[in-house]
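Thanks for coming. I will show the structure first and then go through it piece by piece.

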Amino acid sequence: MAPKLDSHEKIYELLALAAAGALTPEEELLVARHRETCKKCSAEMERWRVLTGGLQRLPTPQPRAAVVERARAQAEARLTEEIEHRWQRAVIIFLVLYAWILTVVTWPIFRLITAGLLTRFGPGFNHSWFLFAAFTILVWATGGVAAVLLGRHRQQGRRMA
Amino acid sequence: MTWEASVGLESEVAQLRRGDPNALSALLMRYQNRLYRYLLRMVHEQAEAEDLFQQTWVRVAERIAQFDVRRNFEPWLFALARNLAIDHLRRVRPSSLDEPIGGAESDITVGDRLASSHRPVLDGILERERAGQLASALETLSVSYREVLTLRFEEEMKLEEIAEVLAIPLSTVKARLRRALEKMRETLESRYPDEDWKALN
């Protein structure tokens, strides 16, 4: 038969955790009540307390100032990179949206301007999807070249700084 | 942690999430000793602990955007440090991660063994020597016991926070804590059989 919750054996097993402050309020109460009448458990509890108290008072080793400074410098550099990556992601998302909007909005204007020229391919030439794809590639390629040039300019600026 | 300290910490974490390097410095200042102590307890070697200390702060800078502000920063920080330390130990000293003989579920406690042997327990040590003996005994324990002891008694974390750092259930934290204390006492008693700690309490 398993021992009762408030039996001496059960309480004795709880003493280490009691000294570590790791019992539930109910368990703490059981231990406190039992200790009032049990000298053996009281003495044992004191021993555990000496151990846990000793652990709490262990000297704290400190990192060298140079190590802390290096950690700060490395972490700050990484933080700056992360912020830049976040900014670049946001810019790319914006540019993609902007490019699509621009493509769709300028398409009718493009058709209007080039309508006369297209008849030169033949009187029945009307491959709208083919033209739209070509127009999109042209617009995005132009945007891509501009983005690369801007990126290089920015990198150069950073190197100079 | 006091209310002011808690609010200050939350504000620093929020600023760091926005990319403020001053907040990084403030957090580093706040946790430098505790984090270093924890890492040193984990790996023993000063040079390794220093390297892991730096890696942890770089990791903080990398991951702070993913930190859930509804959670506590402290367990998150120590969990980052722990993962790095465990990875390091796995690479450098894999045997140090082995569980000691006798799992957390063992029913035989040190108390039982002591009661049956009637040996005098932990007799007569000076306070100064005791700290050295404790630190030395702590070093002999396995990583899983060392970390639970240092998180509870040196970092003064709640059991729930320890469970979060170690990514284990609360009941396992309790079992491991108890087993670690027993192992610690067992080690002290076998090393210093004639000492009595009670006298110094």
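This is a predicted model: local features need pLDDT of at least 70, side-chain atom pairs count only at pLDDT 80 or more; totals for chains, interfaces and linings use all residues.

Among the elements of chain B, which helix has the lowest mean pLDDT and which the highest? The lowest belongs to helix 5 of chain B, residues 110–117, with a mean of 44. The highest belongs to helix 3 of chain B, residues 46–63, with a mean of 95.

Chain B as a whole has a mean pLDDT of 82, with 76% of its residues at 70 or more. One stretch stands apart: over residues 99–125 of chain B, pLDDT stays under 50. For that stretch the model has 43 contacts beyond four places in sequence. For the complex, the predictor gives an ipTM of 0.75 and a pTM of 0.73.

Now the two chains in outline. Chain A has 161 residues, of which 17% count as buried. Its secondary structure is 5 helices and 0 strands. In chain A, taking contacts with a separation of 6 or more, 60% join residues 24 or more positions apart. Chain B has 201 residues, and 40% of them are buried. Chain B has 9 helices and 0 strands. For chain B, the share of contacts with a separation of 6 or more that join residues 24 or more positions apart is 72%.

Next, where the chains meet. The contact takes 38 residues from chain A and 43 residues from chain B. On the chain A side, at least two residues each come from helix 1 (8–19), helix 3 (39–56) and helix 4 (65–118). Helix 4 of chain A supplies the largest share, 13 residues. By class, the side of chain A that touches chain B has 20 nonpolar, 6 polar and 12 charged residues.

Staying in chain A, look at helix 3. This helix has 18 residues and reaches 25 Å from its first C-alpha to its last, close to the 26 Å expected at 1.5 Å a residue. Its buried residues include Cys41(A), Met45(A), Trp48(A), Leu51(A) and Leu55(A). The buried set also includes two charged residues, Glu44(A) and Arg47(A).

One loop residue in chain A is worth a stop. Leu23(A) sits in the loop between helix 1 and helix 2 (25–37) of chain A. Trp107(A), 84 residues away along the chain, has its C-alpha atom 73 Å from that of Leu23(A).

Over to chain B and its helix 2, residues 21–43. How far does helix 2 of chain B span between its end C-alpha atoms? The span is only 29 Å, whereas a straight helix of 23 residues would span 33 Å at 1.5 Å a residue. Helix 2 of chain B also bends, by about 55° at Tyr31(B).

In soluble globular proteins, nonpolar side chains tend to be buried together. Here the largest nonpolar core has 68 residues, and those with the most contacts inside it are Leu15(A), Leu39(B), Leu77(B) and Ala81(B). Helix 2 of chain B gives the most to this core, with 11 residues. Leu77(B) is in contact with Tyr31(B), Leu35(B) and Val60(B), leaving aside neighbours within four places in sequence.

Last, two backbone details in chain B. Most residues other than glycine have a negative phi. His44(B), which follows helix 2 of chain B, has a positive phi near 75°. His44(B) lies in the loop between helix 2 and helix 3 of chain B, and counts as partly exposed because it has 15 C-beta neighbours inside 10 Å. Ala167(B) is not a glycine either, and its phi is positive at about 55°. Ala167(B) is placed in the loop between helix 8 (159–166) and helix 9 (170–191) of chain B. Why does Ala167(B) count as exposed? It has 10 C-beta neighbours inside 10 Å, and 12 or fewer means exposed.

That is the tour.

Technical notes. Residues are numbered from 1 along each chain as its sequence is written. Chains are lettered from A and ligands numbered from 1 in the order in which they are written. Helices (H or I, at least four residues) and strands (E, at least two) are DSSP runs, numbered from the N terminus. A residue is buried if 20 or more other C-beta atoms lie within 10 Å of its own, exposed if 12 or fewer, and partly exposed in between; C-beta atoms are placed from the backbone. Two residues are in contact if their C-beta atoms, placed from the backbone, lie within 7 Å. pLDDT is the predictor's confidence in each residue, from 0 to 100. The expected span of a helix is 1.5 Å times one less than its number of residues. The bend at a residue is the angle between axes fitted to the seven residues ending there and the seven starting there. A nonpolar core is a set of buried Ala, Val, Leu, Ile, Met, Phe, Trp, Tyr and Cys residues joined through C-beta atoms within 7 Å.
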